[in-house]
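Biologist: Could we go through the charged pairs and the nonpolar packing in this model?

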Amino acid sequence: MMALSTGQLQLIEQRVTNDGPSTAIAYLLWLFLWFVSGHRFYLGRPASAILQILSYFILVGFIWVLIDAFLIPDMLRKKRAEMRQGLMVEMMAMNGAEPALA
């Protein structure tokens with residue numbers, strides 16, 4: 001198995017930084033569009049967004065949306081890690097190497 005070069009890893013990190021979700025946007029969506037779970041849709045979590053919207057009708061959702069203020073950093077980290085993994089697989093495929101399973 002062929003490892004990615006430092007330059008390729010830097011390119012991946014640059015793409016994740018440029019194309020990945022923004023912390024500021026995630027929190028703005030959380031602040032202004034909490035009632036439609038905009039931040040969860042933005043971070044690629046449509047199933048939990050819909051569940052959160054439905055739970056507003058039983059008050060749990062309002063508590064859940066407050067808890068999300070603390071969960072957003074982890075959701076951002078996971079979304080960026082997914083992007084990073086996809087870009088690594090893509091880069092390794094272009095090099096003709098088999099991707100390593102993480």
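Modeller: A salt bridge is a side-chain nitrogen of Lys or Arg within 4 Å of a carboxyl oxygen of Asp or Glu. This is a predicted model, in which local features need pLDDT of at least 70 and side-chain atom pairs count only at pLDDT 80 or more, while totals for chains, interfaces and linings use all residues. Residues are numbered from 1 along each chain as its sequence is written, and side-chain values use heavy atoms, with hydrogens and water left out.

Biologist: How many salt bridges does a search of the whole structure find?

Modeller: The search finds five. One of them joins Asp 68 and Arg 40, with the closest N and O atoms 2.7 Å apart.

Biologist: Where in the chain do those two partners lie?

Modeller: They link distant parts of the chain, 28 residues apart: Asp 68 is in helix H5 (residues 60-95) and Arg 40 is in helix H3 (residues 38-42). Helices here are DSSP runs of H or I with at least four residues, numbered from the N terminus.

Biologist: Is Asp 68 buried or exposed?

Modeller: Asp 68 is buried, at 0% relative accessibility. Arg 40 is buried as well, with a relative accessible area of 5%. Buried means under 20% relative accessible area, exposed over 50%, and partly exposed in between (1.4 Å probe, protein chains only).

Biologist: And which residue forms a salt bridge with Arg 77?

Modeller: That partner is Asp 74, the closest N and O atoms being 2.4 Å apart. Arg 77 is partly exposed at 48% relative accessibility, and Asp 74 is partly exposed at 31%. Through shared partners, salt bridges join Asp 74, Arg 77 and Lys 78 into one network.

Biologist: Changing topic, which residues make up the largest nonpolar core?

Modeller: It has nine residues: Ala 26, Trp 30, Leu 43, Tyr 56, Val 65, Ala 69, Ile 72, Met 75 and Leu 76. Such a core is a set of buried Ala, Val, Leu, Ile, Met, Phe, Trp, Tyr and Cys residues joined through side-chain atoms within 4.5 Å.

Biologist: Which helix gives the most to this core?

Modeller: H5 does, with five residues. Helix H2 (23-32) and H5 each supply at least two.

Biologist: What is Met 75 in contact with, leaving aside its neighbours within four places in sequence?

Modeller: Met 75 is in contact (heavy atoms within 4.5 Å) with His 39, Arg 40, Leu 43, Arg 45 and Asp 68.
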